[in-house]
Amino acid sequence: MKRKIPSFIEIYRSLIKIPTISSDNILLDKSNKNFIDLLSNYFADLNFSIQTKQIIHTDKYNMLARIGSGQGGLLLSGHSDTVDFDEKTWTKDPFTLTEQDNKFYGLGAIDMKGFFVFILDVISSINTKKLTKPIYILATANEETDMSGAKYFIESSTIKPECIIIGEPTSLQLINAHKGHISYSIEVIGKTGHASNPEDGINSIEIMHSIIQRLLLLKNFLKQKYQHKNFSIPYPTMNLSSIHGGDAINRICSICTLNLEIRPIPGLTLLQVEKLIQENLQSIITRWYNRIFIKKLYSSIPSYQCSYKKNTTRIVEKLCKSKCTTVNYCTEAPFLQKIAPTLILGPGSIEQAHQPDEYLDMSFIKPTKNIINKLIHAFCF
Ligand SMILES: [Zn+2]
């Protein structure tokens, strides 16, 4: 079939060239509009119908492209944004696709602009007139920050594909579960005074000490109570990440702040984690009324598991000729799986994601095209 779009490498180059950095720092954060427009044009050239939607109150966009009609089908999903980069550590231009030593370098080469290049390349050589079920392509915004693109998509989506594949770099290993992430900042506000008279003030470090004791009990409880044998660390983890408090040696410490994160396994919800934190600290909070402030940091991500009871899992395992496994990083899967069984499978290694000189090893090219082709034929023909 005659190509209607540029070559693999030309598309790759054009997508890497457009900065789509997502960052909590507004000075670094960029709109992904140009990227979504270009991607939409490529898919439109392959006769896809395109829907782009602006995420409310932002300059970020999602794209949903569809070809073929009917029920079911396949949704291939990726995020359009990348993380920020550190100029001092990159030896190559992050926005110029550089081919060297059998690798393609560039920011987003695997995480995850490259996935769209593969999809376009495979579909350009398929006779889409013979599709019996739809192929959907989703490009989301803000995956690297608050995942608002994926959250917005599922709120307004009416499609029901049979299978969703997220092309995050898994070295083409099939993934059906990952842990979640929730983080807190706990601030204790005591009352300062001269160190020579401790009774004169309220020492926030001492209150924080009792909070930490409770948290460590909770940490142990989580480890004992919740187990998931498919993870290398088979229980929910808690990490006390940083603590700050006090100033002068002769002053009672008035403010002490602790940051911590918890990574729940599938089976432990974010709501349960929040309840456990509240319950474990309640008596201290009551005793020191209006002196302890707990707030969530960042956007929480639920754990995720695509069940083996789903037919989809077995079909994709068969295509990949391998069993599902688990990873320790978070993706949009817990959100997207609300509309259909979702698995994670993509080219490139997570070891190179978010790293200087991010690259795709060219050894992934052939097997990735092959597996995308098989997925489309299994779910859409
Ligand atoms: Zn990613």
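Contact means heavy atoms within 4.5 Å of each other. Residues are numbered from 1 along each chain as its sequence is written, and side-chain values use heavy atoms, with hydrogens and water left out. The model is predicted: local features need pLDDT of at least 70 and side-chain atom pairs count only at pLDDT 80 or more, while totals for chains, interfaces and linings use all residues.

**Figure 1. Overview of the protein.** Among contacts between residues at least 6 apart in sequence, 80% join residues at least 24 apart. The secondary structure comprises nine helices and 16 strands; helices (H or I, at least four residues) and strands (E, at least two) are DSSP runs, numbered from the N terminus. Taken along the principal axes, the box filled by the C-alpha atoms is roughly 85 × 45 × 40 Å. Of the 381 residues, 52% are buried. Buried denotes under 20% relative accessible area, exposed over 50%, and partly exposed in between, with a 1.4 Å probe and protein chains only.

Figure 2. His79 (NE2), Asp111 (OD), Glu168 (OE) and Glu168 (OE) are the protein donors, at 1.8 to 2.6 Å from the zinc ion. Donors are N, O and S atoms within 2.8 Å of the metal (3.2 Å for Na, K and Ca); water is not among the atoms, so sites may look incomplete. The arrangement is irregular because the four donor atoms subtend angles of 53 to 141 degrees around the zinc ion. Four donors count as tetrahedral if all angles lie between 85 and 135 degrees; four count as square planar and six as octahedral if opposite donors are over 155 degrees apart and all others between 65 and 115; anything else is irregular. Along the chain, the donors follow the spacing H-x31-D-x56-E. Distant parts of the chain are linked by Asp111, in the loop between strand E5 (103-105) and helix H3 (113-123), and Glu168, in the loop between strand E7 (163-166) and strand E8 (175-178), 57 residues apart. Asp111 and Glu168 are both buried.

**Figure 3. The cis peptide bond from Asp111 to Met112.** This bond is cis, with omega near -10 degrees. Met112 is placed in the loop between E5 and H3.

**Figure 4. Helix H3 and its packing against helix H2.** H3 is largely enclosed by the rest of the structure, because 11 of its 11 residues are buried. Among the buried residues are Phe115, Phe116, Val117 and Phe118. The axes of H2 (residues 33-45) and H3 come within 11 Å and cross at roughly 15 degrees. H2 is therefore roughly parallel to H3. Axes are lines fitted to C-alpha atoms, for helices over the stretch in contact, and angles run from 0 to 180 degrees between N-to-C directions. Angles under 35 degrees count as roughly parallel, over 145 as roughly antiparallel, 65 to 115 as roughly perpendicular and the rest as oblique. The crossing of H2 past H3 is left-handed. A crossing has this hand if the near helix is turned anticlockwise from the far one by less than a right angle, and is right-handed if clockwise. On the H2 side, Phe35, Leu39, Tyr42 and Phe43 meet Lys113, Phe116, Ile119 and Leu120 of H3.

**Figure 5. The crossing of helices H5 and H6.** H5 (residues 204-225) and H6 (residues 270-287) pack at an angle of about 145 degrees, their axes 10 Å apart. Their crossing is right-handed. Residues making the contact include Ile207, Ile211, Leu215 and Leu218 of H5, and Leu276, Ile277, Leu281 and Ile284 of H6.

**Figure 6. Helix H1 and its cover.** In H1 (residues 8-17), the residues Phe8, Ile11, Tyr12, Ser14, Leu15 and Ile16 are buried. Their cover includes H2, E5, H3, strand E16 (359-361) and helix H9 (365-380).

**Figure 7. Two residues with positive phi.** Asn102 has a positive phi of about 60 degrees although it is not a glycine, and lies in the loop between strand E4 (98-100) and E5. At 57% relative accessibility, Asn102 counts as exposed. Tyr298, in strand E12 (residues 292-301), has a positive phi near 55 degrees. Its relative accessibility of 64% makes Tyr298 exposed.

**Figure 8. Surroundings of Ser242.** Ser242 belongs to strand E10 (residues 237-245) and, at 25% relative accessibility, counts as partly exposed. Not counting residues up to four places away in sequence, Ser242 touches Thr257, Leu258 and Asn259. The C-alpha atoms of Ser242 and Thr257 are separated by 8.1 Å, and the two residues are 15 residues apart along the chain.
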